[in-house]
Amino acid sequence: MNRIHVLAPGPETTVQDLGRFGWAHCGVSASGAADPLALRAGNLLVGNAENAPALEMTLVGGAFEFDGTAVIALTGSDFGAGLPLWTPIEIAAGTVVRSAATRSGARCYLCVRGGIAVAKPMGSASVHVTTGVGGRPLRKGDVIPIGEDAVRRPRPAARGFELAEDRGTLRATPGPQAEWFAGELHAAEYAVAEESNRIGLRLRGPAIPSPAGHMLTEGVALGAVQVPPDGQPIILFVEHQTTGGYPKPANVISADFCRLGQLRPRDRVRFESVTIEQALRLLQKQEEWLYSL
Amino acid sequence: MITIATDSIGAAGHKSRIPEIINAPAVHERAPRRPLGCYYRFDVTIRPASDRSLLVSFGDEISPAVHRQVVRLTQALLGVRGVLNLHPAFASVSIDFDPRRLDHSAMETLVRERFEAAGEIDRGAARLVELPVRYGGEYGPDLEDVARHHGMAPERVIELHAGAEYEVWFVGFATCFPYLGGLPPQLATPRLDAPRKSVPAGSVAIGGSHAGVYPLASPGGWRIIGRTPLRLFDPEAVPPPLLHMGDRVRFRPVETLP
């Protein structure tokens, strides 16, 4: 079995697939790729099932040595690896894929034909960094086996991926407490705060006044925008808490989860209100692009 | 047959709020038939929470009767194709589904069908979990404050806390935190004004009218009255948290921690 040797891991590189579903009622959120579109595209390009585990690098990449020949694809943001993105590439034994600080968004995926062959506790290879379910971020010296689970031939390079690249606008449907708010969220521009992570993207901007209503703690969805008493919104992200007690004026749409995964500290974002029908049409368009690969 | 009739959420996905009378007694295989005229009343609200999730609320009260509906709906939807995750809470269940398989109106139909078919929850079948607790001292830094708040001796707080039986309302928040119902009302104590930056794993706590135990070290604002040595969260276990929704819980005072 061919392997990847981790020469330098980068600050937070983890194995991710599309997430560990079915355990939220036990308190475990799905985790999974922060930019699911980039992961799925990368997997389709190298001939994997779209849910195959791959490496997710965050803000700064690492150095990974392949001890055999391999077919890889880098997707998401440009981390300066000197290789074309969104393109299947055949590499020779001994190749070191080395990347550096991002030149665009927050995440870059290294997908390998055959997938990463790690255990799938509770049905998924995804690392849930906060709880340690599924493992931990990579360290120098880790050796990662490459699987043999390719399902088709590699595809030609992807076109049209720029549709995923504008991350300054987040389309959102009304949240469960939308009527408690007067549209403040959509009126302002927010900056992504440094302390954002896979649990939540913290935004800084004009404070949203606390609404008067009292709510019971309730289940929360990926992409929910919650407003705590300080008025600074938090977008719940892939490792979000499973329940929460703060009101939610909006929820980022599924088609923009890829944008959430690419947001990095100091990025500026605006919210645009859409209906559920519009959200589903945008998702449909994105799925059509994905399956055109 | 119990029926929940709600308006369709409609194409625009607007919230519908239909006061419901569930107007027939449950016919249950094990429990005796309830006397005629025993009516339950819930405000059932079904609305989209996102383009891939539906929030079903049984009103805004915390009560055992409401909680049984939460457990019932959660169990009824476990393993249903296209349902990705269920988030039960005090009086609601949030349902994440795969938007490529289901839409909101199909999900709402599933909710109604499965909920009806599930029948009432049999509480007698719930598991009882006993947690040994070392109360007070360094393990329970807020025990004295809780006692002072209620004008009782710390020993009385322990006696009341360990004398009650609790039920896990749900497991949630950030680190599989079990929210326990059944705290004796005399022990209800407001949360700390400023949350602690880190609460040790196993801390046994009171937050308002609820009890809880911190499964992992985390920030927290509940009053810490003791600690259990039991491992409440094991990332290798399936599922990782020891306590599950619907479990019965008792606390047993111990003198030392292993």
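Student: Where is the place of A:A34 in chain A?
Tutor: This is a predicted model: local features need pLDDT of at least 70, side-chain atom pairs count only at pLDDT 80 or more, and totals for chains, interfaces and linings use all residues. Residues are numbered from 1 along each chain as its sequence is written, while chains are lettered from A and ligands numbered from 1 in the order in which they are written. Helices (H or I, at least four residues) and strands (E, at least two) are DSSP runs, numbered from the N terminus. A:A34 sits in the loop between strand 2 and helix 1 of chain A.

Student: Why is helix 1 of chain A largely enclosed, and against which elements do its buried residues pack?
Tutor: Eleven of the eleven residues of helix 1 (residues 36-46) of chain A are buried, so the rest of the structure largely encloses it. A:R40 and A:N43 are among those buried. The packing partners, all in chain A, are strand 2 (14-16), strand 3 (54-58), strand 5 (70-76), strand 8 (107-112), helix 3 (257-262) and helix 4 (276-291).

Student: Which residue follows helix 1 of chain A, and what is its phi near?
Tutor: Helix 1 of chain A ends at A:V46. A:G47 follows, and its phi is positive, near 90°.

Student: What is the radius of gyration of chain A?
Tutor: The quantity is taken over C-alpha atoms, and the globule rule is 2.2 Å times the number of residues to the power 0.38. Along its principal axes, the C-alpha trace of chain A spans about 60 × 35 × 30 Å. For 293 residues, a compact globule would come near 19 Å; chain A agrees, at 19 Å.

Student: Of the contacts in chain A between residues at least 6 apart in sequence, what share joins residues at least 24 apart?
Tutor: Chain A has four helices and 18 strands. In chain A, 54% of the 293 residues count as buried. The share of those contacts is 77%.

Student: In the open sheet of four strands in chain A, what is the strand order?
Tutor: Strands pair if DSSP finds at least two bridges between them. Strand 1 (residues 3-8) and strand 9 of chain A run antiparallel over three bridges, with A:I4 opposite A:I144. The sheet's pairing is antiparallel, and the order is 7-4-1-9.

Student: How many residues of strand 13 of chain B are buried?
Tutor: Strand 10 (residues 203-207) of chain B joins strand 13 through four antiparallel bridges, and B:A205 has B:I224 as its bridge partner. Strand 6 (residues 128-135) of chain B also pairs with strand 13 in the antiparallel sense, over two bridges. Strand 13 (residues 223-227) of chain B is largely enclosed by the rest of the structure, because the number buried is five of five.

Student: At roughly what angle do helix 1 and helix 2 of chain B cross, and how is that angle classed?
Tutor: Axes are lines fitted to C-alpha atoms, for helices over the stretch in contact, and angles run from 0 to 180 degrees between N-to-C directions. Helix 1 (residues 64-77) and helix 2 (residues 104-118) of chain B come within 9 Å and cross at roughly 110°. Under 35 degrees is roughly parallel, over 145 roughly antiparallel, 65 to 115 roughly perpendicular, and the rest oblique. That makes helix 1 of chain B, relative to helix 2 of chain B, roughly perpendicular.

Student: How many bridges join strand 3 of chain B to strand 5 of chain B?
Tutor: Strand 3 of chain B is mostly covered, with six of its six residues buried. B:S53, B:L55 and B:S57 point one way and B:L54, B:V56 and B:F58 the other. B:S57 stands opposite B:S92 in strand 5 of chain B. The two strands run antiparallel, and the number of bridges is five.

Student: Which strand of chain B gives the most to the side that touches chain A?
Tutor: The contact takes 44 residues from chain B and 36 residues from chain A. Strands 2 (40-50), 3 (53-58), 4 (83-88), 5 (92-97) and 7 (166-172) of chain B each supply at least two residues of that side of chain B. With five residues, the one that gives the most is strand 4 of chain B.

Definitions and conventions: Contact = placed C-beta atoms within 7 Å. Buried ≥ 20, exposed ≤ 12 C-beta atoms within 10 Å, placed from the backbone.
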